[in-house]
Amino acid sequence: MRKASIMRIWEIYRRESMAYWMICLYLLFEYARPQSIFPWMSGLPWAQMFLVAAAVSSFFDPKAKFARAPSHLHIFMFSAAILASTAVAQYRDISFQHLFDFFSWVVIYILILTIVTTRERLIGFLFVFVFYF
């Protein structure tokens, strides 16, 4: 196993693309929520801005590619079940109001799988995930 050091982790981030930086910053602002801690940061929708920036910059990232995984079929089937249950729900208006909540997580899932494609990126992303919690 490789020796983990702060300098090694910084090297992983320093060499990465804008898409990778944006998905890591999205993770920071969605889960650690520094905008809730520091009032001067609370004006903008930081997490959404970083998510859009990650999506746009992923088109220019040579390492980003849509990975084929067996879990995609399960996500697709679950999405179809969500849509079917929304269509026949007793309170359709409420169901449609919250439909975006689920599909935003599908987009986030696809973005993470598209951007975090190498071993180094996975290590860095997991470090960010553990560090923020």
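This is a predicted model: local features need pLDDT of at least 70, side-chain atom pairs count only at pLDDT 80 or more; totals for chains, interfaces and linings use all residues.
Two packed helices are described by the angle between their axes and the distance between the axes. For helix H4, which spans residues 46-58, and helix H7, residues 99-115, the axes come within 11 Å and cross at roughly 45 degrees. H4 is therefore oblique to H7, and the crossing of the two is left-handed. On the H4 side, the contact is made by Leu 51, Ala 54, Ala 55 and Ser 58, while H7 brings Ile 108, Leu 111 and Ile 115. Sorted by class, this contact has 6 nonpolar residues and 1 polar residue, with no charged residues.

Ser 58 deserves a look of its own. This residue lies in helix H4 and is buried, because its relative accessible area of 11% falls under the 20% cut-off. Its side chain reaches the backbone oxygen of Ala 55 at a distance of 2.7 Å. When neighbours within four places in sequence are left aside, Ser 58 is in contact with Leu 111 and Ile 115, and also with Ala 19 and Ala 64.

Attention now turns to helix H5, residues 71-87, where Ile 82 has its place. With a relative accessibility of 21%, Ile 82 counts as partly exposed, since the buried class takes in values under 20% and the exposed class those over 50%. Again leaving aside neighbours within four places in sequence, the contacts of Ile 82 are Leu 99, Phe 102 and Phe 103. For Phe 103, which is 21 residues apart from Ile 82 along the chain, the C-alpha atoms of the pair are separated by 9.5 Å.

Note on methods. Residues are numbered from 1 along each chain as its sequence is written. Side-chain values use heavy atoms; hydrogens and water are left out. Axes are lines fitted to C-alpha atoms, for helices over the stretch in contact, and angles run from 0 to 180 degrees between N-to-C directions. Helices (H or I, at least four residues) and strands (E, at least two) are DSSP runs, numbered from the N terminus. Angles under 35 degrees count as roughly parallel, over 145 as roughly antiparallel, 65 to 115 as roughly perpendicular and the rest as oblique. A crossing is left-handed if the near helix is turned anticlockwise from the far one by less than a right angle, and right-handed if clockwise. Contact means heavy atoms within 4.5 Å. Ala, Val, Leu, Ile, Met, Phe, Trp, Tyr, Cys and Pro count as nonpolar, Asp, Glu, Lys and Arg as charged, and the others, Gly among them, as polar. Buried means under 20% relative accessible area, exposed over 50%, partly exposed in between (1.4 Å probe, protein chains only). A polar contact is a pair of N or O atoms within 3.5 Å; within protein, one must be able to donate a hydrogen and the other to accept it, and residues adjacent in sequence count only if both atoms are side-chain atoms.
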